[in-house]
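Here are my notes on the model you sent over, as numbered points. Have it open while you read.

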Amino acid sequence: MAAQKPTLPKGTRDFGPADVQKRKYILNTIETVFKKYGFMPLETPTMENLSTLEGKYGEEGDKLLFRILDSGDYLKSLKEHNDKILSDESQDATFAPSVSGKLIDLEAKAATKFISEKGLRYDLTVPFARYVVMHRNEITFPFRRYQMQPVWRADRPQKGRYREFWQCDADVVGSDSLLNELDLIQIYDEAFDSLKIPIQIKYNNRKLLDGLSQLFGIEDKLIDMTVILDKTDKIGIDAVVEELKSIGANLDSLAKFQTVFQLPNLTTKHLNEFFSSSNEIAKKGVDEIVKIAEYLEVIYGSNNRLPITHDLALARGLSYYTGSIFEVVVNDDRCSLKSSIGGGGRYDNLTGIFGLPNVSGVGISFGLDRIYDVMEELKLFPEQLRATSTQVIFCHFDEATQLYCLPALKLLRDAGIAAEIFPDNKKLGKQLEYANALQIPFAAIAGETEMQQQVFTVKNLITGEQQSCSTQALISLVGQ
RNA sequence: GUGGUUUUAGCUCAGUUGGUUAGAGCGCCUGAUUGUGGUUCAGGAGGUCGUGGGUUCGAGCCCCAUAUUCCACCCCA
């Protein structure tokens with residue numbers, strides 16, 4: 001039998017010991033900040049019912065859902081349906097069998113709902129909304145939760161885009177207050193500051209986009225408009241204005257918009273003026289932006305040091321946002337990743353679709369994998385991150401010296417020092433090579449002489465120095 | 001989903017118009033040094049050229065299919 005070549009599904013990766021340590025470093029940093037701001041942990045299942053997931057991420061999102069094949073005879077209901085169609089004169093063309101009549105020739109998309117009822121988690125926000133609705137009677141509102149788990153999207157992989165990736169979310173649900181936005185902005189700042197990643201937080205408000213569409217006279221094309229606006233970074237404001245023209249935007253408003261957008265210092269005063277003739281929703285959006293700016297000023301003073309800017313063109317694709325929206329990009333020219341490493345916003349009615357109306361939520365997300373890529377590229381990981389935690393390795397020469405090491409090994413571990421013994425009888429050189437490869441800082445060498453004197457020759461693998469130590473001396477040396 | 005791109009030793013990559021036995025660097029193994037790693041020197045092992053078909057006297061190289069990598073669009077973390 002030919003050996004089978006091992007492979008990995010497209011867009012997935014293995015994480016070796018060193019990778020995991022680095023990923024955990026990021027996760028721990030973010031989690032520490034989440035906790036400091038009073039957020040509580042939550043975990044939800046890898047899979048959700050498709051009824052929970054479908055229709056929440058827009059048309060595009062539905063296409064990217066990983067669907068799980070039903071277990072058992074999943075073709076049965078499809079067969080039954082097929083037979084019914086065959087016997088029914090007024091058949092639905094969508095499900096019409098092919099000329100050959102084979103089930104397999106049915107349109108795949110139409111057949112999906114007969115053979116799949118579960119899907120893999122697409123993000124952490126929708127499962128959270130589902131959780132809130134299902135547990136509304138146990139939850140004390142406002143509810144602050146964080147969640148760090150993998151999600152799956154059937155996207156085409158490319159730079160910074162994977163099919164399996166981790167998100168780290170913090171959301172507050174059951175509170176309208178903009179103090180929540182304030183917390184989330186500070187969390188972004190603090191977490192990325194701890195990770196030493198220079199960032200820019202961009203924020204905007206969906207209510208302003210609503211106002212924009214009204215000013216442009218294209219209320220019915222709100223989604224088209226947001227998609228176009230979202231491209232500003234990529235194609236520039238002029239191209240965006242052209243595209244907006246082509247979908248029928250009012251030329252006067254468009255000209256004003258272009259002027260306002262290009263102001264070097266867009267102040268709340270400009271915003272107020274620009275939206276003065278627009279609807280109440282947009283005015284409320286302006287008020288919210290003004291309020292957040294006030295909060296930030298109270299904390300950081302007028303010379304606000306936070307890397308945050310209001311971006312009138314920030315739109316974001318996810319359809320459920322209704323108020324504030326955020327996006328985080330890396331602010332460093334050396335960084336090749338241009339897409340965002342975090343994003344979020346307020347959704348006034350996410351739980352409504354699950355039968356719990358009038359609960360507002362706001363949240364942010366960190367993209368672990370992209371953060372990892374950025375830190376790797378900018379060399380931001382601390383050097384002391386090693387694949388193994390082992391501090392001391394015991395090296396020996398034969399059965400007798402091996403046994404001699406064991407009580408000391410136990411004492412070190414009891415003292416909380418990560419230690420191991422080289423398990424095989426190999427030349428000392430081999431044992432030290434192993435220690436060196438794993439970047440273990442200390443080697444405790446036990447030979448005939450050491451055993452007689454009840455000591456170890458302790459070698460510092462970094463400096464190369466070595467000295468004779470009792471077990472206690474070894475513990476205090478390494479424990480420092 | 002659309003268009004392009006990549007795949008040759010453990011890793012990073014050469015490989016001419018199709019022509020004997022497919023190469024390099026690094027890594028790995030052995031020894032110099034049987035009680036000392038990260039430096040040096042000497043020697044050695046390792047490849048069904050992504051996979052399956054086809055063209056040809058002959059294919060790593062040409063054709064088809066498929067998988068995979070990366071990139072752009074779309075969308076997004």
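1. Start with Arg161: one of its polar side-chain atoms sits 2.5 Å from a base nitrogen of RNA strand B. That is a polar contact, meaning a pair of N or O atoms within 3.5 Å (within protein, one must be able to donate a hydrogen and the other to accept it, and residues adjacent in sequence count only if both atoms are side-chain atoms). Keep in mind that this is a predicted model, where local features need pLDDT of at least 70 and side-chain atom pairs count only at pLDDT 80 or more, while totals for chains, interfaces and linings use all residues. Residues are numbered from 1 along each chain as its sequence is written, chains are lettered from A and ligands numbered from 1 in the order in which they are written, and side-chain values use heavy atoms, with hydrogens and water left out.

2. The backbone reaches the bases too. For Gly160, a backbone N or O atom lies 3.3 Å from a base nitrogen of RNA strand B; for Glu448, a polar backbone atom is 3.4 Å from a base oxygen.

3. Which residues come nearest to RNA strand B? Out of 44 around it, they are Lys159, Arg161, Gly317, Ser340 and Leu461; a residue is near if one of its heavy atoms lies within 4 Å.

4. Helix H17 (428-437) supplies the largest share, five residues. Helices (H or I, at least four residues) and strands (E, at least two) are DSSP runs, numbered from the N terminus.

5. In H15, Leu368, Asp369, Ile371, Tyr372, Val374 and Met375 are buried, that is, under 20% relative accessible area (1.4 Å probe, protein chains only).

6. Just past H15, check Lys379: its phi is positive, about 55°.

Key. Buried < 20%, exposed > 50% of the residue type's maximum accessible area, 1.4 Å probe, protein only.
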